[in-house]
Amino acid sequence: MATLSPDRVPLVAGVLSAVSLAIVFAAAGGYVPSSVLPAPPEAVLAAIPTVNVFISAIAIVTIATGWRAIRRGRVRTHRRAMGSAVGLFVTFLTLYLYRLVVTGGAASFAGPDEIFQFVYLPVLIGHVGLAIVCIPLLYYTLGLAVSHDVRGLRETAHAKVGRVAASLWIISFSLGIVVYLLGRVVYG
């Protein structure tokens, strides 16, 4: 049963994207004071990056599972997997932004400057850039999914946009894991 008018999908996706990105940029830009959030124990803050790596890895598997399911015509499995992937993404982003605001900024890179400039920073920029691009694609794809029944969905750009979104999403999560490994394991 449709819960969103199909003609409203682009508008809703655009508004949700703008609000989401404004929240992300406000937190990343230091415009959200740490005093608005409760301060957790240091062990919790220290654990968030590792928890987020596990969330990223599970999300990659979940997205791949959803992609494989829909290619086999298993709509219910596809829906569950992609819904789970969205939930994992929201959890990842919430934990990341919480830690970012509470600690007052991103962790510094402790490795050599050459690695920072030519490896770490490009990977980080790719990760963040793809994540930003994915947000409107995900909202649009989700909007199409909730505004159409399965038969009607085949007549939309859901599959085409979904393939692009899923590909970029997997790459972004993978690059995030590389950022973690470089910043916390190799040079941590």
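Helices α4 and α6 are roughly antiparallel to each other, a term used for angles over 145 degrees. The model is predicted, so that local features need pLDDT of at least 70 and side-chain atom pairs count only at pLDDT 80 or more, while totals for chains, interfaces and linings use all residues. Residues are numbered from 1 along each chain as its sequence is written, and side-chain values use heavy atoms, without hydrogens and water.

Helix α4 spans residues 113–147 and helix α6 residues 158–186; the two pack at an angle of about 150°, with their axes 7 Å apart. Axes are lines fitted to C-alpha atoms over the stretch in contact, and angles run from 0 to 180 degrees between N-to-C directions. The crossing of α4 and α6 is left-handed. Their contact has 23 nonpolar, eight polar and no charged residues.

The axes of helix α3 (residues 75–103) and α6 come within 13 Å and cross at roughly 40°. That makes α3 oblique to α6. This crossing, of α3 and α6, is also left-handed.

Methods. Helices (H or I, at least four residues) and strands (E, at least two) are DSSP runs, numbered from the N terminus. Angles under 35 degrees count as roughly parallel, over 145 as roughly antiparallel, 65 to 115 as roughly perpendicular and the rest as oblique. A crossing is left-handed if the near helix is turned anticlockwise from the far one by less than a right angle, and right-handed if clockwise. Ala, Val, Leu, Ile, Met, Phe, Trp, Tyr, Cys and Pro count as nonpolar, Asp, Glu, Lys and Arg as charged, and the others, Gly among them, as polar.
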